[in-house]
Amino acid sequence: MTILAAATPNGTGAIAIVRLSGPRAYELAMMMIAPQIKAGKNLTKIITAHNPKSLKPRYAHLCKLYSQNAELIDEAIVIYFKAPHSFSGEDIIEFQTHGGDGVKNLIIDELLSLGARAANPGEFSKRAFINGKLSASKAESIQALIQARSTSAVKILARTMNGELDIFANALRAELIEILAYCEVSIDYAEEDLPPSLLAQIHSKLNNAITKLEKIIELSCSRRGLIDGFKIAIIGRPNVGKSSLLNAFLAYERAIVSDIEGTTRDRVEESLHLGSHLVRIIDTAGIRNSDDTIENIGISYSKKALNDADIIICLFDASTKATNDDLEILKLAKNSNKKIFFVLNKCDLAINFNQVLPKSIKISAKDDISELKSQIISYLNAQDTSELLLSSNRQINACQNCANAIKNASFKLNENELELFAFEINQALKELGKITAPPLHSEVLDVMFGSFCLGK
């Protein structure tokens, strides 16, 4: 079936792209370039005189596009990508029309009337995957790259899209297949034990594989914010200036600021860029002992935000002495494994805070937070890495399952249970295959590509 979709978003722009893919793509394009007019030969000649009689692959053709009623729709660039040398591995036609929903929708309606079908989300990429033009890791990277909102994410995903993850997975796969081959031979000659030297080599290869997998898993989990955006939680007792600090980051009055304790009862979240990094900053309810049921719900959300965040801004009022609530917050922060910025606010007033804070940053949220911004940006910049990262939870889970299967295989090898050892290695290979080429079950593919945008 030939499918079509707009490959550019709705709205007005310089150009709009409509994409066709499938066995009838070329035929449908020519029907719009040279429609079968019933009004007479002269009209047919007038129409075809403006257009090529055929489309040369990978050439931009300037063509007038007509409806089957000989009504001019637009003058557009038409490009033909002949199978299998196309994104989807099928014949693809791209119509690059003048921007605007009106022209684009007329072309789509005409193609639908000629027999094309509207594509499902991700169906172009799904066909590319099925036709061997795209690995699973590249497909996921393309989708994530489209949605990337920071330069760090773009750099990481571009490397994955360039095939670095496929190279990693295929190299590891080759090592596991080699190990499995040794094992299969030994099973065939079960009366002979594996030579000690060979046993040591296999264990060495297994340990090496586990080390590689655990390294990439740990790095990917710790640097997740580079792709998804870092979460920054502002915590502190009531009235230390958390909402004022959020407003200062955003440069507008997003949160209500009041001297009344407990004004912020729910978490307030907003996204912004710090340097080249996308962050999501969270203003939380003040943490204190309270008898107010609603406020206590907000405080529980604050503690959850502390656990969910990548970075914590621990905020204190410099103009007052440390309270029991401040001490409790310090205890929470010091027991956390997150990056903590200890910040003294209201430093434009007399400083009375009597607790020593590690590398404290002094600010006045109402006047100037540039020092805090600078230190956060420096930390975020330090998180950038040129090393390979996994770009999705699916990839992380596959690598974790692969590592667990290899560990199980190592235990079975020590017990000389070669059949079970071979089973675990095959499980590891199966999990590794999910990164580059998961099983071709339609349900798996529908889930995998269902979140993709239309036209991709």
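Reader: Which residues does the UniProt "binding site" feature with N239 cover?
Author: In this predicted model, the UniProt record (unreviewed entry) places that feature at N239, S258, I260 and T263. The annotation may be inferred rather than shown by experiment.

Reader: Where is N239?
Author: N239 sits in the loop between strand 7 (230-235) and helix 10 (242-250).

Reader: What makes N239 buried, exposed or partly exposed?
Author: Its relative accessibility is 28%. Buried means under 20%, and exposed means over 50%. The value for N239 lies in between, so N239 counts as partly exposed.

Reader: What does UniProt say about S243?
Author: A "binding site" annotation (unreviewed entry) covers S243 and T264. S243 is found in helix 10.

Reader: Why is S243 called buried?
Author: Its relative accessible area is 8%. The cut-off for buried is under 20%. Therefore S243 is buried.

Reader: How confident is the model over residues 255-265?
Author: pLDDT stays under 50 there. The model has 30 contacts beyond four places in sequence for this stretch. Residues 294-298 also stay under 50, with nine such contacts.

Reader: What is the average for the chain?
Author: The chain averages a pLDDT of 80. At least 70 is reached by 81% of the residues. Helix 16 (residues 442-449) has the lowest confidence, at a mean of 53. Strand 5 (residues 92-98) has the highest, at 94.

Reader: Which residues does the annotation with R19 cover?
Author: UniProt (unreviewed entry) gives a "binding site" at R19, E94, K133 and K456. R19 lies in strand 2 (residues 15-21).

Reader: How do you know whether R19 is buried or exposed?
Author: Look at its relative accessible area: 12%. Buried needs under 20%. So R19 is buried.

Reader: What joins the side chains of R19 and E94?
Author: A polar contact of 3.1 Å. The limit for such a pair of N or O atoms is within 3.5 Å, so this distance qualifies.

Reader: What about E175, buried or exposed?
Author: E175 is in helix 7 (residues 164-188). Its relative accessibility is 19%. The cut-off is under 20%, so E175 counts as buried.

Reader: What does E175 touch?
Author: Leaving aside neighbours within four places in sequence, E175 is in contact with K205, N208 and K212. With the side chain of K212, the side chain of E175 makes a polar contact of 3.3 Å.

Reader: Which residues touch the most other members of the largest nonpolar core?
Author: They are L176, L206, L213, I406, F421 and I425, out of 35 residues. Helix 7, helix 8 (196-222), helix 14 (393-414) and helix 15 (418-436) each give two or more residues to this core. Helix 14 gives the most, with nine.

Reader: Which residues does L213 touch?
Author: Not counting residues up to four places away in sequence, L213 touches F168, L172, C399, C402, A403 and I406.

Reader: What makes the pair of Y26 and Y80 tilted?
Author: The centres are 4.8 Å apart, and rings pair within 6.5 Å. The planes are at 55°. Stacked means under 30 degrees and edge-to-face over 60, so this pair is tilted. It links distant parts of the chain: Y26 in helix 1 (residues 25-33) and Y80 in strand 4 (residues 72-81), 54 residues apart.

Reader: Why is the pair of F341 and Y379 called edge-to-face?
Author: Their ring centres are 6.2 Å apart and their planes are at 85°. F341 is in strand 11 (residues 339-345) and Y379 in helix 13 (residues 370-383), 38 residues apart. F341 is buried at 5% relative accessible area, whereas Y379 is partly exposed at 23%.

Conventions: Residues numbered from 1 in each chain as written. Heavy atoms only, no water. pLDDT = per-residue confidence, 0-100. Helix = DSSP H or I, 4+ residues; strand = E, 2+ residues; numbered from the N terminus. Contact = heavy atoms within 4.5 Å. Buried < 20%, exposed > 50% of the residue type's maximum accessible area, 1.4 Å probe, protein only. Polar contact = N/O pair within 3.5 Å; in protein donor to acceptor, adjacent residues only side chain to side chain. Core = buried A, V, L, I, M, F, W, Y, C linked by side-chain atoms within 4.5 Å. Phe/Tyr/Trp six-rings, centres within 6.5 Å; stacked < 30°, edge-to-face > 60°.
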